[in-house]
Amino acid sequence: HRCLHALKVGWRVCWAKAEDEDEQRHMAFLSHDISMLRLFETFLENTPQLTLLLYIILQTNKAELSQGLGMGTAFLCVSWSLLDYHQSLRSFLQDKYELSLGSSIIYFLWNLFLICPRILTVALFALLWPYGLAVHFPLVWLAMFLWVSLQGTDFMESAGPEQLYRAVVAVILYFSWFNVARGRTLYRSIIYHGFILLDSTLLGLAWLWGRAPSEEHSYLLLLLCAALPCYLLGLGLRVTYYKWLHPNVRAQQEGRHDEVDFSAGGDGVEFCSFLEPDLVNRRMQWLAQTHFSLSQPARQRFLNGAAAV
């Protein structure tokens, strides 16, 4: 329903003879909301289904062409949802430095190369110990939930929905990095990727240890051996992005600051503003504030409710 409504509003905006700023702001509001909902849907529904599909293919040792195409498309869609979410957050910036084509490609690829090995090792572990995965997932999810709770979030307007939001984020963290706290993300990212790399390695080693000698899945050994280089390649692409392709590089060249990942001080950047606070998407606004630093005047406007839709 939300997507159909957004299409209806977008059609009116595209074909309107005179530009209607209210309609454009409404469209931006719906676009940000849909981006967040799409990300939740991806990791609550599509990614578990993708893991299940990979498990079934490995279990039966059979794969139809449609299944292979569907699985490949699903991997691409997971990575695309992360890129779309990041671009949506960046649109809150007033003097924004949008991701270039090269930056977007690297951002997309690094998430793809980090997610693929994770899903593969989970599916391999479930191949021999399906009930073990029923224990593994709740334990890792609980650890991520506690980690998110310790960082503190203020996404929802009441305590109950806030706990639900943290539970959803913990599911996302089971598969992929997701920032929920303000400040520098470097050390949190190192802790997270170190944990996931160790956990995925243990899952892969557990599969190797329990693998029956007569099993005719020799190609799985090649896939498992390729998983670690793939994950390390994803980490390398992420370092490359933040070192040379991040919009902050351009901002620093102009004597400014962009994201708090690299700068803990400075004037920061300002959020787009408009005149009608009723259309403020408060949840996406909070997430943008989490990811991007604010200048003092922009922070005051943010607190007064006049920020990006």
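1. The chain has 11 helices and 0 strands. Helices here are DSSP runs of H or I with at least four residues; strands are runs of E with at least two; both are numbered from the N terminus. This is a predicted model: local features need pLDDT of at least 70, side-chain atom pairs count only at pLDDT 80 or more, and totals for chains, interfaces and linings use all residues. Residues are numbered from 1 along each chain as its sequence is written, and side-chain values use heavy atoms, with hydrogens and water left out.

2. Of the 309 residues, 46% count as buried. Buried means under 20% relative accessible area (1.4 Å probe, protein chains only).

3. Look at helix α8, residues 218-245. A kink of about 25 degrees lies at A227, shortly before the proline P229. That bend is the angle between axes fitted to the seven residues ending there and the seven starting there.

4. Which residues of α8 are buried? Among them are L220, L224, A227, Y231 and R238. An α-helix has 3.6 residues a turn, so residues three or four places apart point the same way.

5. UniProt, in an unreviewed entry, places a "transmembrane region" at several spans, including 68-85 and 190-209. Such annotations may be inferred rather than shown by experiment. Residues 68-85 are 100% helix, with end C-alpha atoms 26 Å apart. Residues 190-209 are also 100% helix, with ends 28 Å apart.

Methods: The expected span of a helix is 1.5 Å times one less than its number of residues. Buried means under 20% relative accessible area, exposed over 50%, partly exposed in between (1.4 Å probe, protein chains only).
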